[in-house]
Amino acid sequence: MLQAYIVDGLRLPTGKAQGYYKNVLPEQLMAEVLRDFRRRYSNLAFDELIVGNALGTGGNMARYALLEAGFSPDIPATTLDLQCGAGLRALVAAEAQLKSGMAQSILAGGMESNSLAPRRSISPATPGTSTLRPSIRRPRLLRPRMGKPA
């Protein structure tokens, strides 16, 4: 069986919701990481970009980041939309493709922007009131524990 290795880890500083990055799309933030990758590994080609996301702004955010960073539109880009553990799931998906021989080099990770996450107004039991919650939550599910599924 083929082996898979993590070669490097790149990231941006973590910001708080409605902080410094509040008006920056998550794919623009990921594009900065991808540009840094290109500066470090200018002659390394990769077969695919796989990115996990929990509270996305919609669409194939991995594709948007790839194009925003100036990479070829011929490179496949996949966004995994999960509530928790999405970045880790992207690594696991990349590992599976590498070990199976389906790919030779994959960039994988996660991206998020809590400031720009879609919100849904949900009326609790008291009529006439509402609270804003991330759009992934449903009133009947409240706050599901995500430790084991993630």
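**Close-up views of a predicted model**

**Overview of the protein chain.** Among contacts between residues at least 6 apart in sequence, 64% link residues at least 24 apart in the protein chain, which is shown here as a predicted model. The chain holds 3 helices and 5 strands, and from the N terminus on these elements follow the order α-β-α-β-α-β-β-β. Of its 150 residues, 29% count as buried, while its accessible surface comes to about 9,700 Å², with 54% of that area belonging to carbon and sulfur atoms.

**Helix H1 and its cover.** Helix H1, made up of the 15 residues 26-40, reaches 22 Å from its first C-alpha to its last, which is close to the 21 Å expected at 1.5 Å a residue. Its buried residues are Pro26, Glu27, Leu29, Met30, Ala31, Val33, Leu34 and Phe37, and what covers them includes strand S1 (48-53), helix H2 (61-68) and strand S3 (106-110).

**Glutamine 97 in helix H3.** Glutamine 97 lies in helix H3 and counts as buried because its relative accessible area, 18%, falls under the 20% cut-off. Apart from neighbours within four places in sequence, glutamine 97 is in contact with Glu48, Ile50, Met102, Ala103 and Ile106.

**Leucine 91 and a nonpolar surface patch.** Leucine 91 is found in helix H3, which spans residues 86-100, and is partly exposed, with a relative accessible area of 35%. Together with Ile6, Leu88 and Val92, Leu91 forms a nonpolar patch on the surface, and the four residues have about 380 Å² of accessible area together.

How values were computed: Residues numbered from 1 in each chain as written. Predicted model: local features only at pLDDT ≥ 70, side-chain atom pairs only at ≥ 80, totals over all residues. Heavy atoms only, no water. Patch = residues over 30% accessible without salt bridge, like charges linked within 9 Å, V, L, I, M, F, W, Y side chains within 5 Å. Areas by Shrake-Rupley, 256 points an atom, 1.4 Å probe, with all protein chains shown as cover. Salt bridge = Lys/Arg side-chain N within 4 Å of Asp/Glu carboxyl O. Helix = DSSP H or I, 4+ residues; strand = E, 2+ residues; numbered from the N terminus. Buried < 20%, exposed > 50% of the residue type's maximum accessible area, 1.4 Å probe, protein only. Expected span 1.5 Å × (residues − 1). Contact = heavy atoms within 4.5 Å.
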